[in-house]
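Visitor: Can you walk me through this one? I'd like to begin with a helix and then get to the charged pairs.
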Amino acid sequence: MSSIDRAGTYKLGDRTVNRLGYGAMQLAGPGVFGPPRDHDAAIAVLHEAIAQGVNHIDTCDYYGPHVTNLLIREALHPYPDNLVLVTKFGARRGADGSWLPALAPDDLREAVHDNLRNLGLDVIEVVNLRISFDIHGPAEGSIEPMLTVLAEVQQQGLIRHIGLSNVTATQVAEGRGITEIACVQNHYNLAHRGDDALIDDLARQNIPYVPFFPLGGFSPLQSSTLTQVAARLGATPMQVALAWLLRRSPNILLIPGTSSVAHLRENLAVADLVLPEDAIAELNGIGG
(Lines give C-alpha, C1' and ligand atoms only; values in the text may rest on other atoms or scores of the structure.)
Protein backbone atom coordinates (compact mmCIF):
# COMPACT_ATOMS: atom_id res chain seq x y z
CA MET A 1 0.00 0.00 0.00
CA SER A 2 1.40 3.39 -0.95
CA SER A 3 1.24 6.25 1.53
CA ILE A 4 -1.61 8.06 -0.22
CA ASP A 5 -3.79 4.94 -0.07
CA ARG A 6 -3.89 5.15 3.71
CA ALA A 7 -6.07 8.25 3.45
CA GLY A 8 -8.81 6.14 1.85
CA THR A 9 -11.00 6.64 -1.18
CA TYR A 10 -14.42 8.06 -1.99
CA LYS A 11 -16.81 8.10 -4.92
CA LEU A 12 -16.71 11.18 -7.16
CA GLY A 13 -19.33 10.95 -9.87
CA ASP A 14 -19.11 7.35 -11.00
CA ARG A 15 -15.37 7.12 -10.31
CA THR A 16 -13.51 6.25 -7.12
CA VAL A 17 -10.67 8.61 -6.22
CA ASN A 18 -8.10 8.85 -3.48
CA ARG A 19 -9.15 11.32 -0.79
CA LEU A 20 -5.82 13.10 -1.18
CA GLY A 21 -5.78 14.91 -4.52
CA TYR A 22 -4.09 17.95 -5.98
CA GLY A 23 -5.27 21.48 -6.80
CA ALA A 24 -3.51 23.07 -9.78
CA MET A 25 -4.23 26.76 -9.06
CA GLN A 26 -0.73 27.54 -7.79
CA LEU A 27 0.87 26.37 -11.04
CA ALA A 28 -0.08 29.68 -12.68
CA GLY A 29 1.88 32.89 -12.15
CA PRO A 30 1.55 35.37 -9.26
CA GLY A 31 -2.08 36.14 -8.48
CA VAL A 32 -3.05 33.02 -10.49
CA PHE A 33 -2.32 35.10 -13.60
CA GLY A 34 0.11 34.49 -16.40
CA PRO A 35 2.66 31.69 -16.83
CA PRO A 36 4.45 29.97 -13.94
CA ARG A 37 7.69 31.38 -12.60
CA ASP A 38 9.33 28.05 -13.46
CA HIS A 39 7.70 26.06 -16.25
CA ASP A 40 9.79 22.92 -15.74
CA ALA A 41 9.08 22.93 -11.99
CA ALA A 42 5.34 23.09 -12.69
CA ILE A 43 5.59 20.10 -15.03
CA ALA A 44 7.63 18.22 -12.43
CA VAL A 45 4.94 18.77 -9.76
CA LEU A 46 2.29 17.25 -12.02
CA HIS A 47 4.50 14.26 -12.83
CA GLU A 48 5.23 13.74 -9.14
CA ALA A 49 1.55 13.94 -8.20
CA ILE A 50 0.76 11.07 -10.55
CA ALA A 51 3.81 9.12 -9.38
CA GLN A 52 2.62 9.47 -5.78
CA GLY A 53 -0.81 8.05 -6.64
CA VAL A 54 -2.89 11.20 -7.05
CA ASN A 55 -5.86 10.44 -9.30
CA HIS A 56 -7.99 13.57 -8.67
CA ILE A 57 -6.70 16.88 -10.02
CA ASP A 58 -8.70 20.07 -9.66
CA THR A 59 -8.13 22.75 -12.27
CA CYS A 60 -9.85 25.60 -14.08
CA ASP A 61 -9.45 27.33 -17.42
CA TYR A 62 -9.53 30.77 -15.81
CA TYR A 63 -6.41 29.97 -13.80
CA GLY A 64 -3.88 31.86 -15.85
CA PRO A 65 -6.16 32.04 -17.82
CA HIS A 66 -5.65 28.75 -19.67
CA VAL A 67 -2.24 28.23 -18.04
CA THR A 68 -2.97 25.36 -15.67
CA ASN A 69 -5.04 23.41 -18.19
CA LEU A 70 -2.32 23.69 -20.82
CA LEU A 71 0.33 22.61 -18.31
CA ILE A 72 -1.76 19.61 -17.29
CA ARG A 73 -2.18 18.63 -20.93
CA GLU A 74 1.54 19.05 -21.64
CA ALA A 75 2.58 17.03 -18.60
CA LEU A 76 0.00 14.26 -18.46
CA HIS A 77 -1.75 13.77 -21.83
CA PRO A 78 -2.60 11.05 -22.78
CA TYR A 79 -4.05 10.80 -19.31
CA PRO A 80 -3.84 7.76 -17.01
CA ASP A 81 -7.08 5.78 -17.12
CA ASN A 82 -7.73 6.32 -13.40
CA LEU A 83 -7.19 10.11 -13.44
CA VAL A 84 -10.25 12.29 -12.78
CA LEU A 85 -9.85 15.89 -13.94
CA VAL A 86 -12.29 18.33 -12.34
CA THR A 87 -12.68 21.86 -13.67
CA LYS A 88 -14.98 24.77 -12.94
CA PHE A 89 -16.99 27.39 -14.78
CA GLY A 90 -18.44 30.71 -13.66
CA ALA A 91 -15.69 33.33 -14.00
CA ARG A 92 -13.23 34.86 -16.42
CA ARG A 93 -10.14 37.02 -16.06
CA GLY A 94 -9.84 40.65 -16.98
CA ALA A 95 -6.78 41.96 -18.82
CA ASP A 96 -5.53 43.26 -15.45
CA GLY A 97 -5.92 39.86 -13.78
CA SER A 98 -9.25 40.75 -12.14
CA TRP A 99 -11.81 38.01 -11.46
CA LEU A 100 -15.09 38.67 -13.28
CA PRO A 101 -18.37 36.71 -13.16
CA ALA A 102 -19.13 34.69 -16.29
CA LEU A 103 -22.45 33.00 -15.66
CA ALA A 104 -24.41 33.94 -18.79
CA PRO A 105 -25.43 31.00 -21.01
CA ASP A 106 -22.93 31.91 -23.74
CA ASP A 107 -20.16 32.24 -21.12
CA LEU A 108 -20.87 28.76 -19.79
CA ARG A 109 -21.04 27.17 -23.23
CA GLU A 110 -17.79 28.85 -24.23
CA ALA A 111 -16.17 27.57 -21.04
CA VAL A 112 -17.11 24.00 -21.99
CA HIS A 113 -15.26 24.22 -25.28
CA ASP A 114 -12.29 26.12 -23.83
CA ASN A 115 -11.75 23.39 -21.23
CA LEU A 116 -12.21 20.56 -23.71
CA ARG A 117 -9.72 22.12 -26.12
CA ASN A 118 -7.07 23.15 -23.59
CA LEU A 119 -7.20 19.88 -21.65
CA GLY A 120 -7.36 17.78 -24.82
CA LEU A 121 -10.56 16.00 -23.80
CA ASP A 122 -13.65 14.79 -25.64
CA VAL A 123 -15.72 14.93 -22.45
CA ILE A 124 -15.17 16.61 -19.08
CA GLU A 125 -15.53 14.21 -16.16
CA VAL A 126 -16.72 16.74 -13.55
CA VAL A 127 -17.54 20.45 -13.86
CA ASN A 128 -18.13 22.62 -10.81
CA LEU A 129 -20.47 25.56 -11.40
CA ARG A 130 -18.96 28.36 -9.32
CA ILE A 131 -21.57 30.86 -8.15
CA SER A 132 -20.28 34.41 -7.66
CA PHE A 133 -23.28 36.45 -6.54
CA ASP A 134 -21.06 38.07 -3.87
CA ILE A 135 -17.29 38.51 -3.94
CA HIS A 136 -17.06 37.78 -0.21
CA GLY A 137 -18.50 34.26 -0.33
CA PRO A 138 -21.71 32.32 -0.92
CA ALA A 139 -24.84 34.44 -1.28
CA GLU A 140 -28.43 33.36 -1.74
CA GLY A 141 -30.07 33.51 -5.17
CA SER A 142 -31.44 31.03 -7.67
CA ILE A 143 -28.87 29.00 -9.58
CA GLU A 144 -31.49 27.41 -11.83
CA PRO A 145 -30.71 29.42 -15.02
CA MET A 146 -27.00 28.53 -14.97
CA LEU A 147 -27.44 24.95 -13.87
CA THR A 148 -30.04 24.32 -16.57
CA VAL A 149 -27.50 25.35 -19.23
CA LEU A 150 -24.95 22.88 -17.88
CA ALA A 151 -27.57 20.14 -17.64
CA GLU A 152 -28.30 20.68 -21.33
CA VAL A 153 -24.59 20.41 -22.17
CA GLN A 154 -24.48 17.26 -20.06
CA GLN A 155 -27.28 15.79 -22.17
CA GLN A 156 -25.14 16.52 -25.24
CA GLY A 157 -22.43 14.28 -23.81
CA LEU A 158 -19.77 16.93 -23.24
CA ILE A 159 -19.97 16.78 -19.43
CA ARG A 160 -20.38 13.63 -17.34
CA HIS A 161 -21.04 15.09 -13.90
CA ILE A 162 -21.91 18.49 -12.41
CA GLY A 163 -20.87 19.87 -9.05
CA LEU A 164 -21.37 23.19 -7.29
CA SER A 165 -18.89 25.66 -5.82
CA ASN A 166 -19.23 28.66 -3.51
CA VAL A 167 -22.85 27.83 -2.73
CA THR A 168 -25.26 27.81 0.19
CA ALA A 169 -27.16 24.81 1.51
CA THR A 170 -30.32 26.24 -0.08
CA GLN A 171 -28.62 26.36 -3.47
CA VAL A 172 -27.39 22.78 -3.08
CA ALA A 173 -30.97 21.70 -2.44
CA GLU A 174 -32.17 23.68 -5.46
CA GLY A 175 -29.44 22.14 -7.59
CA ARG A 176 -30.35 18.61 -6.60
CA GLY A 177 -33.88 19.30 -7.82
CA ILE A 178 -32.51 20.11 -11.29
CA THR A 179 -29.79 17.51 -11.78
CA GLU A 180 -27.66 15.07 -9.81
CA ILE A 181 -24.96 16.94 -7.92
CA ALA A 182 -21.63 15.11 -7.94
CA CYS A 183 -19.81 17.24 -5.33
CA VAL A 184 -19.76 20.54 -3.49
CA GLN A 185 -16.62 22.69 -3.39
CA ASN A 186 -16.68 25.48 -0.79
CA HIS A 187 -14.28 27.42 1.43
CA TYR A 188 -13.64 25.33 4.53
CA ASN A 189 -10.72 24.61 6.81
CA LEU A 190 -9.78 24.18 10.45
CA ALA A 191 -10.54 27.83 11.25
CA HIS A 192 -13.31 28.49 8.70
CA ARG A 193 -16.08 26.13 9.74
CA GLY A 194 -19.30 27.66 8.42
CA ASP A 195 -20.16 24.56 6.39
CA ASP A 196 -20.12 22.07 9.27
CA ALA A 197 -23.82 21.27 8.96
CA LEU A 198 -23.67 21.10 5.16
CA ILE A 199 -20.75 18.66 5.26
CA ASP A 200 -22.64 16.35 7.57
CA ASP A 201 -25.77 16.54 5.43
CA LEU A 202 -23.82 15.75 2.26
CA ALA A 203 -22.10 12.83 4.00
CA ARG A 204 -25.49 11.32 4.76
CA GLN A 205 -26.27 11.57 1.04
CA ASN A 206 -22.86 10.18 -0.04
CA ILE A 207 -21.95 13.42 -1.83
CA PRO A 208 -18.29 14.46 -1.59
CA TYR A 209 -17.32 17.82 -0.15
CA VAL A 210 -14.12 19.35 -1.53
CA PRO A 211 -12.83 22.25 0.59
CA PHE A 212 -10.98 24.95 -1.26
CA PHE A 213 -8.36 26.93 0.67
CA PRO A 214 -7.89 23.93 3.02
CA LEU A 215 -4.75 25.64 4.33
CA GLY A 216 -6.18 29.15 4.35
CA GLY A 217 -5.54 30.15 0.73
CA PHE A 218 -4.18 33.65 0.23
CA SER A 219 -4.10 34.06 4.04
CA PRO A 220 -2.42 30.92 5.43
CA LEU A 221 -3.76 29.44 8.65
CA GLN A 222 -2.16 30.82 11.78
CA SER A 223 -2.95 29.46 15.23
CA SER A 224 -0.81 28.98 18.32
CA THR A 225 -2.84 25.85 19.11
CA LEU A 226 -2.17 24.43 15.66
CA THR A 227 1.54 25.21 15.99
CA GLN A 228 1.74 23.57 19.42
CA VAL A 229 -0.08 20.42 18.32
CA ALA A 230 2.13 20.12 15.25
CA ALA A 231 5.32 20.46 17.32
CA ARG A 232 4.10 17.75 19.68
CA LEU A 233 3.40 15.40 16.78
CA GLY A 234 6.60 16.14 14.88
CA ALA A 235 4.66 17.46 11.90
CA THR A 236 4.18 20.84 10.24
CA PRO A 237 1.11 22.95 11.10
CA MET A 238 -0.14 22.57 7.53
CA GLN A 239 0.15 18.78 7.71
CA VAL A 240 -1.88 18.77 10.91
CA ALA A 241 -4.52 21.02 9.32
CA LEU A 242 -4.87 18.62 6.39
CA ALA A 243 -4.95 15.56 8.65
CA TRP A 244 -7.73 17.20 10.67
CA LEU A 245 -9.77 17.63 7.47
CA LEU A 246 -9.31 13.96 6.56
CA ARG A 247 -10.52 13.04 10.04
CA ARG A 248 -13.41 15.55 9.97
CA SER A 249 -15.66 13.52 7.66
CA PRO A 250 -15.18 10.58 5.27
CA ASN A 251 -16.78 12.48 2.38
CA ILE A 252 -14.11 15.21 2.41
CA LEU A 253 -11.74 15.10 -0.58
CA LEU A 254 -8.61 17.23 -0.29
CA ILE A 255 -7.00 19.19 -3.13
CA PRO A 256 -4.13 21.15 -1.51
CA GLY A 257 -2.15 23.05 -4.11
CA THR A 258 1.54 23.80 -4.46
CA SER A 259 4.13 24.61 -7.11
CA SER A 260 6.86 22.67 -5.26
CA VAL A 261 7.61 18.95 -5.47
CA ALA A 262 8.90 18.96 -1.88
CA HIS A 263 5.74 20.65 -0.60
CA LEU A 264 3.59 18.25 -2.63
CA ARG A 265 5.27 15.28 -0.94
CA GLU A 266 4.82 16.94 2.43
CA ASN A 267 1.09 17.41 1.77
CA LEU A 268 0.58 13.83 0.64
CA ALA A 269 2.47 12.47 3.65
CA VAL A 270 -0.47 13.41 5.88
CA ALA A 271 -2.02 10.07 4.95
CA ASP A 272 0.37 8.60 7.53
CA LEU A 273 -0.28 11.22 10.22
CA VAL A 274 -2.45 9.95 13.06
CA LEU A 275 -4.09 12.59 15.25
CA PRO A 276 -4.64 11.50 18.88
CA GLU A 277 -8.01 12.26 20.41
CA ASP A 278 -6.60 14.96 22.68
CA ALA A 279 -5.06 16.72 19.67
CA ILE A 280 -8.37 16.56 17.81
CA ALA A 281 -10.17 18.10 20.76
CA GLU A 282 -7.67 20.97 20.85
CA LEU A 283 -7.91 21.53 17.10
CA ASN A 284 -11.71 21.47 17.17
CA GLY A 285 -11.56 24.45 19.49
CA ILE A 286 -9.82 26.60 16.87
CA GLY A 287 -12.97 26.92 14.79
CA GLY A 288 -15.26 27.10 17.77
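Visitor: What span should the 12 residues of helix α8 have, and how far apart are its end C-alpha atoms?
Guide: At 1.5 Å a residue, helix α8 (residues 237-248) should span 16 Å, and its end C-alpha atoms are 16 Å apart, which agrees. The expected span is 1.5 Å times one less than the number of residues. Helices are DSSP runs of H or I with at least four residues, and strands are runs of E with at least two, numbered from the N terminus.

Visitor: What sort of model is this?
Guide: This is a predicted model, where local features need pLDDT of at least 70 and side-chain atom pairs count only at pLDDT 80 or more, while totals for chains, interfaces and linings use all residues. Residues are numbered from 1 along each chain as its sequence is written, and side-chain values use heavy atoms, with hydrogens and water left out.

Visitor: Back to α8. How many of its residues are buried?
Guide: 10 of the 12, so α8 is largely enclosed by the rest of the structure. Buried means under 20% relative accessible area, exposed over 50%, and partly exposed in between (1.4 Å probe, protein chains only). Among the buried residues are W244 and R248.

Visitor: Which helices do those buried residues pack against?
Guide: They pack against α6 (196-204), α7 (224-233), α9 (261-268) and α10 (277-284).

Visitor: And what is R248 linked to by salt bridges?
Guide: R248 belongs to a salt-bridge network with R193, D196 and D200. A salt bridge here is a side-chain nitrogen of Lys or Arg within 4 Å of a carboxyl oxygen of Asp or Glu.

Visitor: How many salt bridges does that rule give?
Guide: The count comes to 14.

Visitor: Which side chain does E125 meet at 3.4 Å?
Guide: That of R15, N to O. E125 is in strand β8 (residues 124-130) and R15 in strand β2 (residues 15-18), 110 residues apart. E125 counts as buried at 7% relative accessibility, whereas R15 counts as partly exposed at 21%.

Visitor: What about R160, how close does it get to E125?
Guide: R160 forms a salt bridge with E125, the closest N and O atoms being 2.9 Å apart. R160 lies in strand β9 (residues 159-165) and E125 in strand β8, so the pair ties together parts that are 35 residues apart in sequence.

Visitor: Switching topic: where is A7, and what does it touch?
Guide: A7 is in the segment before β1 (9-12). Leaving out residues up to four places away in sequence, A7 touches R19, L20, L246 and A271, with contact meaning heavy atoms within 4.5 Å.
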